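Welcome, and thanks for taking a look at this one. Below is a short briefing to read alongside the viewer.

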Amino acid sequence: MSAPVLTFFNNKGDIGKTSLIYHLSSMFAKLRKRVVVADFDPQANLTAAFLTEDQIDEVWNSSMAGSTVYQCVKPLSDVGDITRPVLRNVAAGLYLLPGDVALSHFEDTVSEEWPKSMADVNLYRPLRILTSFWQVMRMAAEEVQADMILADVGPNLGAINRSVLLATNFVAIPLGPDLFSLQGLRNLGPTLRRWRISWKKRLDNWKENPECTQYPDFQLPLGEMRPIGYLCQQYGVRLDRPVKAYDKWAERIPSVYRKDVLDEPPDEEKKIENDPYCLATIKHYRSLVPMGQERRKPIFELTSADGAIGSHAGAVQDARKDFERLAQKIAAEMNIS
Ligand SMILES: Nc1ncnc2c1ncn2[C@@H]1O[C@H](COP(=O)(O)OP(=O)(O)O)[C@@H](O)[C@H]1O
Ligand SMILES: [Mg+2]
């Protein structure tokens, strides 16, 4: 696939993942990249950030095939095939593949195909289903000549997320400085390695199988899932916790990331502030956040007409710089100019 897929992933929820994707995708589009955002979280929070309730109602209840991620893959649960996605143009150069609460129906279908995809015969259909999200994202990227795809997923290690991850070239891991995030990170690293290895086995199995020659045009993702770093909430994003509690967990993150995600020796000396694997520390943007949500705008695009006056105006400029810096760092990691 020409456009690389970046997924923000952590099996811990409520760490600002969706908010990050919403702002970053808008920033990339501002920097004149063509971006597809794909919402694979059945909670569909990302979709709700971009679209009004009436628009979501229209997307979910229209009979238009391909109007959400679930509508694209739904025919596979029966005897059908993938439907081309219908993207929503949400800003200049920015296209949304809407999420769907009904996507959870697809979890069982996907999970049943994992063992079948390693059998000796009849591999095409299971592989088609396991890679359906990759196929859909490829169609989406082709449709709008995207430079990149950003994917949001729910906070779990289930079959849907495994399928999204194997469609993923790069993985960024948002986390908070707390026990649950750290434990999540310890689970996540080995899980990604396991998923990578098991996908490689399936690719080899397919290539060696006579069925492969019957489908010469059938392409499969490489299942790279390359970690490009983590993003950590700064002290204060959780207002209710003392600074000592923050420090205690924050200082363990560089070592846990090296050991459990990269399978490298831990570096006890490294601090988040000087860790090259730390893509950014995420500030608490305070009242800009509800202001942005209400106006359905990224916080760095709020104006005085939206209520961003006085100290808010300065905070808007700071947020713009933060997201610009982060977008450039991530683009470099993804080899996008
Ligand atoms: N940098 C931030 N500053 C202030 N509030 C934030 C920030 N990032 C996220 N939030 C708020 O925290 C909550 C959880 O964020 P969300 O992006 O939905 O997390 P996740 O997708 O990981 O569950 C939301 O209410 C969101 O508005
Ligand atoms: Mg979310």
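**The sheet and its surroundings**

Eight strands make up an open sheet with mixed pairing, and their order is β3-β4-β2-β5-β1-β6-β7-β8. At the edges sit β3 (88–91) and β8 (278–282), each of which pairs on one side only. Please keep in mind that this is a predicted model.

**Sheet geometry**

- On average, neighbouring strands of this sheet are turned by 25 degrees against each other, direction ignored.

**A closer look at one strand pair**

- Strand β1 (residues 5–8) and strand β5 (residues 148–152) run parallel and are joined by four bridges.

**Overall fold and dimensions**

- The protein chain holds 14 helices and eight strands.
- Its radius of gyration is 20 Å, close to the 20 Å that the globule rule gives for 337 residues, so the chain is as compact as a globular protein of that length.
- The C-alpha trace of the protein chain spans about 65 × 50 × 35 Å along its principal axes.

**Burial and contacts**

- How much of the protein chain counts as buried? The share is 44% of the 337 residues.
- Looking at contacts in the protein chain between residues at least 6 apart in sequence, 73% join residues at least 24 apart.

Notes:
Residues numbered from 1 in each chain as written. Chains lettered and ligands numbered in written order. Predicted model: local features only at pLDDT ≥ 70, side-chain atom pairs only at ≥ 80, totals over all residues. Helix = DSSP H or I, 4+ residues; strand = E, 2+ residues; numbered from the N terminus. Rg over C-alpha atoms; globule rule 2.2 N^0.38 Å. Buried ≥ 20, exposed ≤ 12 C-beta atoms within 10 Å, placed from the backbone. Contact = placed C-beta atoms within 7 Å. Pairing = 2+ DSSP bridges. Axes fitted to C-alpha atoms, helices over the stretch in contact; angles between N-to-C directions.
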